[in-house]
Amino acid sequence: MISVEELDQIAETVRTERAQGRHQINVCVAAGCLALHSDTLKGALAERAQSSGISCQVRGVGCMGLCSAGPLVSVEPGAILFQKVKPEDADRVLDSLKAPPAKQHTDLRQTPFFKRQFNVVLENSGKIDPENIDEYIAEGGYRALFHALIEMTPAEVVQEVASSGLRGRGGGGYPTGLKWGTVAKAHGTIKYVICNADEGDPGAFMDRSVLESDPHRVLEGMTIAAYAVGASKGYIYVRAEYPLAVKRLERAIREARRLGFLGSKICGTTFEFDIEIRIGAGAFVCGEETALIASIEGMRGTPQPRPPYPAQSGLWEKPTLINNVETFANVPPIVRRSGAWYSAMGTPKSKGTKVFALTGQVKNTGLIEVPMGVTLREIVFDIGGGMPEGRKFKAVQTGGPSGGCIPEQCLDTRVDYESLKEVGSIMGSGGMIVIDDTSCMVNVARYFMEFCMSESCGKCIPCRAGTAQMYDILQRITRGQAGERDLELLIDLCDMVSATSLCGLGQTAPNPVISTLRYFKQEYLEHIHAKRCVAGECRMAATQAARS
Amino acid sequence: MTQAMEVKTLRIDGVDVSARADQTILEAARENNIAIPTLCHLDGLSDVGACRLCLVEVAGTNRLFPSCVTRVEEGMQITTSTDRLQKYRRMTLELLFAERNHVCSVCVSNGACELQALGQSQGLTHIEFPYRFPQLPVDASHERFTLDHNRCILCTRCVRVCGEIEGAHTWDVMGRGEKARVITDLDQPWGTSESCTSCGKCVEVCPTGALFDKSDVGTRARKHPEFLTYLNEMRGGQS
């Protein structure tokens, strides 16, 4: 069993190594840069460094955020960031170790993309080797677990999390402390903790990035949660489309077990907890908690009516705590620093920070973390760098297929659960897609409806048959084959499907239609009456086009 | 039942009723002769809350509650039939009719179909949504029964009766969304199923003409779901 002193020792060893004056060359090996062959690049850098006798350490690290400029390489000390590095650029990177960096390597860290962010969840991303537990420990990792297990009662941990004001980062925004308290108070000796890593929104990759870049943070958060609610077994439900995240999690779990952060007698106490990975089979609906639980139980992943809520009767009918990856990732810093520290960030009702996957028609795409309360304008135009040349901003889509499109006039909306809801969207899990004037809003709605239609589990009628009818109507509108009555039917269906569907998937499936109708109704009407698509994206039926 | 069960009093459609704490709104309503339309529910089987026809309004919240799976609570004020609910119910039925190939006039269950009866009782005069006309197979490989996917509404009564009552678990559901369909064994032809006992329970509980007895065609299209109450009673009184 590892002690706090040994923990300090590991941290000290890592720090001493770093302080030996050797440069560190950090190559991003998260999925985005890896897809651009950053592993080959890492090999080339190590080889060139060795053959030219330069003393430095070439490491793989997690996501640095600016995915559009990948593969990314950072050099420490000096905090120089190189973008779009190819294996043949190895010498150029190594040259920067000798002399002050040449002008072409402007330090990207000083750009608004990085300066406007504030990292809590991503504090270690891009800085540590995700496959080495020692590096996590060197950054203060697993201290929170020791602190919780040795110095706090489970009730105090729940209290600390409650006082932080943390709310569910999967999108629902349910107060995390309240959920933990409910599971802690639920009757029963067997309880479970589940981490929902079935991230499925189009354009969202926050959870994947956290798991690939800093997996121990999630394990630590889950273990603290298990202690707080009295669980001895945990599951991470991760989608099969994330093989790298699974690989790093498996490794992290092995290392955590080796050092006694998982298993029996954790941190030398009597507390027992272990984590298993469960891999999803590709169904979006399995991100819905009751469907996810059914899937872990080995059954068809379909949602069940709630109540009973998982907190009372979840996995194998036992009280179950289920939180999203990002929620668990927020826990170690909250326990380590205090709930008050966390709640000092953000707005009155939404505390802390939020990670977003910024994608679409914006200059800087990638992974960002901002304090709650920043405006959408700051995200899109400062951090995102605005539109590509010659394009005009049209809308920003948040919350994936359950969310909505926010137009220009609402860009000063603050990022918090309530404000986003007011303008017809939701916080969601963190997907943020910027849409410019070359995209047709009816087509955007059609795209999301197609997604919901094919991801509906088919259990309840409104979602199964309603999304199919809505998709057909949207299809007819984009083809110039729809009439006024179709629009009325569409609006009726939006109301009916959201009011009567069994689970969140169906209840929120009409949202992209409702929000585009709210702000871009003109586009719908032009498609219907003038058979014209202002963005030029929809191809109207030949006969109709000829008439107009 | 030796343990005393708590009793709740509530109001359904303006009528004061009492119910055991473990009863659902649907049970309490039906005991008091208040009709709530249902399709996936069948007395004697577990409830799944899938058809959404039994949704009711509860005072104090805008949310709708599926009465088949919602337990009664003290002081609840429930309305089972409002303009809004009736509109949703008609739309739900319309969506069902338009989803697959429901043509009453050529159906074995014409006149003995729960979907058809609901359409009539809910005042459905026409289907506004375009029919989707999916191409669906018919499995007539079983020596006694036929499965016609064109008439299936995915209520999963067959799945439940086979698993819960017969204990064979021949039926299950595969596929997602509009592509979902009921299957026998691992999507093998029904006639080759090794788990099917040919008991016919699935056929008797099927609300439409999706499952039918070949010998009944043209002679006796009536279904007999009432066997279930009797069987459960004989087996030890579960209701």
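## A walk through a two-chain model

With 14 C-beta neighbours inside 10 Å, B:L231 counts as partly exposed. B:L231 sits in helix α6 of chain B, which covers residues 227-234. In sequence, B:L231 and B:I165 are 66 residues apart, yet their C-alpha atoms are 9.1 Å apart in space. Before going further, keep in mind that this is a predicted model.

### How the chains are divided

Let's start with the domains. The domain assignment of chain A gives domain 1 (21-108), domain 2 (141-152 + 170-332), domain 3 (353-434) and domain 4 (441-547). Notice that domain 2 of chain A is written as two stretches, 141-152 and 170-332. For chain B, the assignment gives domain 1 (7-81) and domain 2 (86-218).

How far apart are the C-alpha centres of domain 1 and domain 4 of chain A? They lie 46 Å apart. In chain B, the centres of domain 1 and domain 2, taken over C-alpha atoms, are separated by 26 Å. The contact between these two domains of chain B takes 13 residues from domain 1 and 17 residues from domain 2. On the domain 1 side of that contact, 10 residues are nonpolar, two are polar and one is charged.

### Two sheets

Now for the strands. Strands of a sheet pair through backbone hydrogen bonds, either parallel or antiparallel. Chain A has an open sheet of four strands in the order β2-β1-β3-β4, with mixed pairing. Its edge strands are β2 (56-61) and β4 (80-82), each of which pairs on one side only. On average, neighbouring strands of this sheet are turned by 20° against each other, direction ignored. Helix α4 of chain A (residues 90-98) packs on the sheet and touches β1, β2, β3 and β4 of chain A. The direction of α4(A) makes about 20° with that of β3(A).

Chain B has an open sheet too, with five strands in the order β2-β1-β5-β3-β4 and mixed pairing. Here β2 (15-20) and β4 (64-66) of chain B stand at the edges with a single partner strand each, so one side of each has no neighbour in the sheet. The twist in this sheet averages 40° from one strand to the next.

Chain B also has a hairpin, made by β8 and β9, with six residues between the strands. In that hairpin, B:G175 takes a positive phi near 80°.

| Strand pair | Bridges | Facing residues |
|---|---|---|
| β1 (residues 7-12) and β2 of chain B | six bridges | B:V7 and B:R20 |
| β1 (residues 23-28) and β3 (residues 73-76) of chain A | four bridges | A:Q24 and A:E76 |

### A helix with buried residues

Back in chain A, take a look at helix α7 (residues 143-151). Which residues of α7(A) are buried? They are A:A144, A:L145, A:F146, A:A148 and A:L149. An α-helix has 3.6 residues a turn, so residues three or four places apart point the same way.

### Where the chains meet

Finally, the two chains touch each other. In this contact, 24 residues of chain A meet 25 residues of chain B. On the chain A side, α18 (441-455), α19 and α20 (484-500) each supply at least two residues. Which helix gives the largest share of that side? It is α19(A), with eight residues. By class, the chain A side has 13 nonpolar, six polar and five charged residues.

Let's zoom in on α19(A). Two packed helices are described by the angle between their axes and the distance between the axes. The axes of α19 (residues 461-478) of chain A and α2 (residues 83-99) of chain B come within 9 Å and cross at roughly 65°. The crossing of α19(A) with α2(B) is left-handed. From α19(A), the residues A:I461, A:P462, A:A465, A:G466 and A:Q469 meet B:T92, B:L95, B:L96 and B:E99 in α2(B). Sorted by class, this contact has five nonpolar, three polar and one charged residues.

Conventions. Residues numbered from 1 in each chain as written. Chains lettered and ligands numbered in written order. Predicted model: local features only at pLDDT ≥ 70, side-chain atom pairs only at ≥ 80, totals over all residues. Axes fitted to C-alpha atoms, helices over the stretch in contact; angles between N-to-C directions. Left-handed = near helix turned anticlockwise from the far one by under 90°. Contact = placed C-beta atoms within 7 Å. Nonpolar A, V, L, I, M, F, W, Y, C, P; charged D, E, K, R; others polar. Pairing = 2+ DSSP bridges. Domains from an automatic or database assignment. Buried ≥ 20, exposed ≤ 12 C-beta atoms within 10 Å, placed from the backbone.
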